Amino acid sequence: MGGSAPRRDQQLPVETTSFVDRRDELAVGRELLARARLVTLTGPGGVGKTRLAARIAAGVRRTFPDGVRFVPLSGLDDPALVPLAAADALDLHDHSARPPLQALVEHLRDRRLLLLVDNCEHLLQACAELAAALLHGTTGVRILATSRHRLGLTEEHLLDVRPLPVPDPDGDLSSPEGCPALALFSDRAAAVVPGFRLTAANRAAVARLCRRLDGLPLAIELAAVRMRVLDVDQLLDRLDDRYRLLTGGSPAALPRHQTLRAAVDWSHELCTDREQLAWARLSVLAGSFDLETAEAVCAGSQPRVTPGEGAAPLQGHDVLDAVTGLVDKSVLSREPGPDGIRYRLLDILRHYGLDRLRRLPGEEPAARRRQRDWMLRRATACERAWFGPGQREIVARLRADQDNLRTALDFSLTTPDERLTGLRLAGTLWFHWHACGAAREGRHWLDRALAANPEPTRERARGLWIAGLLAAATHALTAGLALAREAHALAQDLGDAAEAAHAEYVIGVITLFMDDLPTALGHFEASVARGPVPGQHLSLHGLDQVELACALGFLGEAERAVEVCERARRMCERHGEEWVHSYVLRMLALAHTVQRDWPRAEHHARQALRLKLAVHDVIGIALTLDLLARTATEQGAHERAAVLLGAADRTWAAIDRDRWGSATLKSARRESETRAREALGPPDYERAHERGAALDLTRTVEYAVGDTVRPRPPTATREGNGRHRSDRPTTGVRLTRRESEVAELVAQGLANQQIADRLVIARRTAEGHVERVLRKLGFSNRSQIAAWVAAQS
């Protein structure tokens, strides 16, 4: 069964604007973390808790050998997903049968790391439970949280984040560089008015403005943006006028907790009608989003308004202008995404937009429905393209959209008459749940969706086999088999051959996992002989062939297994597919181990590992590292075997330390360790094992496949004219990692365009790599590259 795919990077958020000095808070935060395991930064919205926490975390990073990880919760509404969000940030892919929180604690028991949990206030109970479990179940994990309210644990230490101090406007302002609020305004104003700086003429007005805004960083930033059209004195006059309206004449009467709301109100009023409507509609989006998503959610029927309100129409071509205007006004922030620029509403501005949206009759459900429909269209398009060359981009896009997928699912499953669409969306994402290490979250949504949709529909048949597949992925084999059989019976009743075939795959693979090899063999022989039925996803047809080869290999029929794999391999190559292909290559390696052809087994395992890293298939990487450790042992490379075992053990620790309790996996690992330990001696074995365990996933794969290709010495071959020439390069020639990948693909018979599609590069770039490989190796044609690659195995 498949593993996981590229995860969203959950390191500390990238700072896109300068950080205004908070020297005292930074020092206090670092000191608190040195003596306390739970520190919560509290304070009002817009005060800068997240930025400060990220700076504190960055400052103490070196004291945590296992790193600092960022867990953003602002786009999350379901408390049950909090431990899964933490596991995702930690790149953990637990596939045990334990409850999520218990599994998380087990994985972190021996780690020394800092977890920055951001925006806890709307999920306080779940965050408190997460923190308590980690504090009591581990010794080396520390937590830095941000929240408007404390978590309420006895171990909790609080750091109250206050607004920036503002000097007396009528006092000594001769050293404004020591005033963070003034420095913040100056920095943001200079971004929209190049050349702006604090001077003796404007310092008092800026200080007065910052004092009026209570030193709240977000309020100051929103005001500074208006410097594009107003000077400081005009800005202060307009703000004073607005506050007098709110307070009956005295700006000082405005409570601090309302200051930010007043500043946001003012910023909203300065937006155009179209920008205001876009702001409101975009507020249904959680997390970040791309322009296509913004266009799908913003464009639509207009709100019903009372005479005089006059909301402007907002068509698809207007959305870019509205988004640009909101970015210019600091309402939307820009950030890099996997396929271009993405946008984000700060949590405070998002909630403000939602409040505005709810004032427009019928607008909120309409916007949420458009958002859900767009997510369903995107998921459907991704599923349709999944068995093809764009898998890396698909996975990255869906991971970037994760918060919005959750929002769409929650809307569907909590709104009358939308439940079936929720089940359809959850089912369409089967490949995302299965291939992206999200089995636990997938089960969460499928369980909810199936409970809400008991009627006998095609969507339910699909949901049942997916739930069975995900149950098996978390080692609930009996429950998974029952779900798959129920799905198969329902699909047959409905006359849906495709869903019946999908359910049959799940039944077969669980039978294989239960070690009923003869039954599994007959099952997959029949499925593969029948071929794909109309509507069956090619990924699952490809996996039918993978599991057939697996059963044949376990039963000792290696030659037949190789034949099956070669057919499946050709199918994957025709489509430029990588995920199933990586499993085909691993099965080829296993078949060659049965034949005790260790060089070929190692060659195919290395090829598989390259693809598995490309799609971040952590389970597949763990399995393949075990296999490579065995091939190294069999070839007498005992130090390499020990390093690979260390790397494999670390990788398995993020999945299931017990290797699912599999006797086969555990005995193979024990045999490799025993032989390597005897050959090296215990001290050298332990050192090599520790070296492997210290590698992260990327460096592990680089070590396992070889960061560079080191050719063997040249051997002479006689050409037709009687002269001797070498088909191998001279000793010392090295290919880069990318050139090595290109050489492997040339050896597979791929043309330049196919290589470009596989590596997601331009054809011209691929051609350049091939030319460099030929030049470095001293060859004149592609067949020589193929022969050379085969000789390296």
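Three strands make up an open sheet, ordered E6-E8-E7, with antiparallel pairing. Strand E6 (288-289) and strand E7 (332-337) are at the edges with a single partner strand each, so one side of each has no neighbour in the sheet. The model is predicted: local features need pLDDT of at least 70, side-chain atom pairs count only at pLDDT 80 or more, and totals for chains, interfaces and linings use all residues. Residues are numbered from 1 along each chain as its sequence is written, and side-chain values use heavy atoms, with hydrogens and water left out.

## The antiparallel sheet

Some terms come first. Helices (H or I, at least four residues) and strands (E, at least two) are DSSP runs, numbered from the N terminus. Two strands pair if DSSP finds at least two bridges between them. Strands of a sheet pair through backbone hydrogen bonds, either parallel or antiparallel.

E6 pairs with strand E8 (residues 340-345) in the antiparallel sense, over two bridges. Ser288 has Arg344 in E8 as its bridge partner. E7 and E8 are joined by six bridges and also run antiparallel. Here Ser333 has Arg344 in E8 as its bridge partner. E7 and E8 form a hairpin, with two residues between them.

## The parallel sheet

Another open sheet has five strands, in the order E2-E3-E4-E1-E5, and its pairing is parallel. Which strands stand at its edges? They are strand E2 (68-72) and strand E5 (156-160), and each pairs on one side only. From one strand to the next, the twist averages 20°.

Look at one pair inside this sheet. Strand E3 (residues 113-118) and strand E4 (residues 141-147) are parallel and share five bridges. Leu113 has Val141 in E4 as its bridge partner.

Two helices lie across strands of this sheet. Their angles are taken between axes, which are lines fitted to C-alpha atoms (for helices over the stretch in contact); angles run from 0 to 180 degrees between N-to-C directions. Helix H1 (residues 23-35) lies across strand E1 (38-42), E3, E4 and E5, and runs at about 180° to E5. Helix H2 (residues 49-59) lies across E1, E2, E3, E4 and E5, and runs at about 160° to E4.

## Aromatic pairs

The structure holds eight aromatic pairs. Rings of Phe, Tyr and Trp (its six-membered ring) pair if their centres lie within 6.5 Å; planes under 30 degrees apart count as stacked, over 60 as edge-to-face and the rest as tilted. Two of the pairs are set out here.

| Pair | Type | Centre to centre | Angle between planes |
|---|---|---|---|
| Phe185 and Phe196 | edge-to-face | 6.1 Å | 75° |
| Trp430 and Trp465 | tilted | 6.0 Å | 55° |

Phe185 is in helix H6 (residues 180-192), while Phe196 is in the loop between H6 and helix H7 (203-212), 11 residues apart. Trp430 belongs to helix H19 (residues 430-435) and Trp465 to helix H21 (residues 458-473), 35 residues apart.

Phe185 and Phe196 are both buried. Trp430 and Trp465 are both buried too. One aromatic cluster is formed by Trp386, Trp430, Phe431, Trp465 and Trp579.

## A buried glutamate

Glu573 sits in helix H26 (residues 558-575). Why does Glu573 count as buried? Its relative accessibility is 15%. Which residues does Glu573 touch, not counting those up to four places away in sequence? They are His581, Gln748, Leu750, Gln754 and Arg758. Contact means heavy atoms within 4.5 Å.

## The whole chain

The chain has 37 helices and 10 strands. Of its 793 residues, 58% are buried. Among contacts between residues at least 6 apart in sequence, 72% join residues at least 24 apart. The accessible surface comes to about 31900 Å², and 51% of this belongs to carbon and sulfur atoms. Accessible areas come from the Shrake-Rupley method with a 1.4 Å probe; for residues, only the protein chains shown count as cover.

## Confidence

pLDDT is the predictor's confidence in each residue, from 0 to 100. The chain averages 86, and 90% of the residues score at least 70. Over residues 1-9 the pLDDT is below 50, and this stretch has 53 contacts in the model beyond near neighbours in sequence. Residues 304-311 stay under 50 as well, with seven contacts beyond four places in sequence. Confidence is lowest in strand E9 (residues 716-718), with a mean of 34, and highest in helix H18 (residues 419-428), at 98. Where pLDDT is low, the predicted coordinates should not be read in detail.

How values were computed:
Buried < 20%, exposed > 50% of the residue type's maximum accessible area, 1.4 Å probe, protein only.
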